[in-house]
Amino acid sequence: MTAPTKPVLLTGASGNLGRQLAKGLSALGWKLRLTDITPFPDPLPDGASFVKADLGEGLAIVRQAEGCGAILHFGGVSVERPFEEILGPNLRGLYHIYEAARREGARVVFASSNHAIGFHERPQGNQDKLDFDCEFRPDGYYGLAKAYGELMGRMYWDKHGVENVNLRIGSSFPKPVDRRMLSTWLSFGDLTRLVERCVVAERVGHAVIWGSSANPSSFWGRDHRERIGWAPQDSSEPFRPEVEHITADPVTERYQGGGYTLIEYSRSVPSPRNAFTLED
Ligand code: 15L
């Protein structure tokens, strides 16, 4: 596999997924520009440079993106937080990323999240799996910002021809730690191969791909993975005996977003499963 000819910018490089990608993609011989608001905690991988930058500062982002062929946007707040904390990095920051991409004619790979659709119920069987074109049902301000990011990608492709792949990442950790993650887990290996394909694929347009490994109990169905030629190789199944019994309260267990749905949840009584009411 040949490395991209132009450098690739990685935001959020000091975060859990950024560090994995920095290591994995530099091992493929990629020239990486790493950036984050906090220092890069590891030894710099071969072929990589690091510059501290704030997503809220448009000029800094535009400078970092100069000459890049792709921007891997993994920066911003990565969990549910109050709106004011999300606003700068996750909303304004996205605008800076897309403007920089537009200037450079670069492709954007956006770390979206299952929390953009977190208030969909978990499927009862294989037939109910959620497809990429389902309704957004964010489970908080974080998920709402991810939905906004996906829509920003839609708009920049339609209006400016900026290509983008939106990865609706499930749970990317060393291993699944509870029953939900048997459905949502994305191994670091599958994540790195996914991002690699997003960059090297010839044409992507505006694409949405579920970021989970080949988990038999996955919540998710159709997406645009064929467009980039990616298929996950790992599975959560070997971890089942270890974590299957680890569950939570009824709200958390009902929805795909798990514990995020319960944060500040204030509906008194959750409506019965599968009952359509005005509130649903
Ligand atoms: C995410 O989007 C978060 O970044 C991560 O920390 C996990 O909470 C993950 O979703 C998940 O849903 O497990």
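A patch is made of residues with over 30% relative accessible area and no salt bridge, where like charges are joined within 9 Å and nonpolar side chains (Val, Leu, Ile, Met, Phe, Trp, Tyr) within 5 Å. The model is predicted: local features need pLDDT of at least 70, side-chain atom pairs count only at pLDDT 80 or more, and totals for chains, interfaces and linings use all residues. Residues are numbered from 1 along each chain as its sequence is written, and side-chain values use heavy atoms, with hydrogens and water left out.

**View A. Phe 83, Tyr 141 and Leu 144 form a nonpolar surface patch.** Together they have about 280 Å² of accessible area (Shrake-Rupley method, 1.4 Å probe, only the protein chains shown counting as cover for residues). Leu 144 lies in helix α4, residues 141-160 (a DSSP run of H or I, at least four residues). Leu 144 is partly exposed, at 44% relative accessibility (buried is under 20%, exposed over 50%, partly exposed in between).

**View B. Phe 119 and Tyr 255 form an edge-to-face aromatic pair.** The ring centres are 4.9 Å apart, with 80° between the planes (rings of Phe, Tyr and Trp, its six-membered ring, pair if their centres lie within 6.5 Å; planes under 30 degrees apart are stacked, over 60 edge-to-face, the rest tilted). Phe 119 is partly exposed at 21%, whereas Tyr 255 is buried at 7%.

**View C. The charged end of Arg 168 sits over the ring of Trp 210.** The distance to the ring centre is 4.9 Å (the rule asks for NZ of Lys or CZ of Arg within 6 Å of the centre and within 35 degrees of the ring normal).

Key:
Salt bridge = Lys/Arg side-chain N within 4 Å of Asp/Glu carboxyl O. Helix = DSSP H or I, 4+ residues; strand = E, 2+ residues; numbered from the N terminus. Buried < 20%, exposed > 50% of the residue type's maximum accessible area, 1.4 Å probe, protein only.
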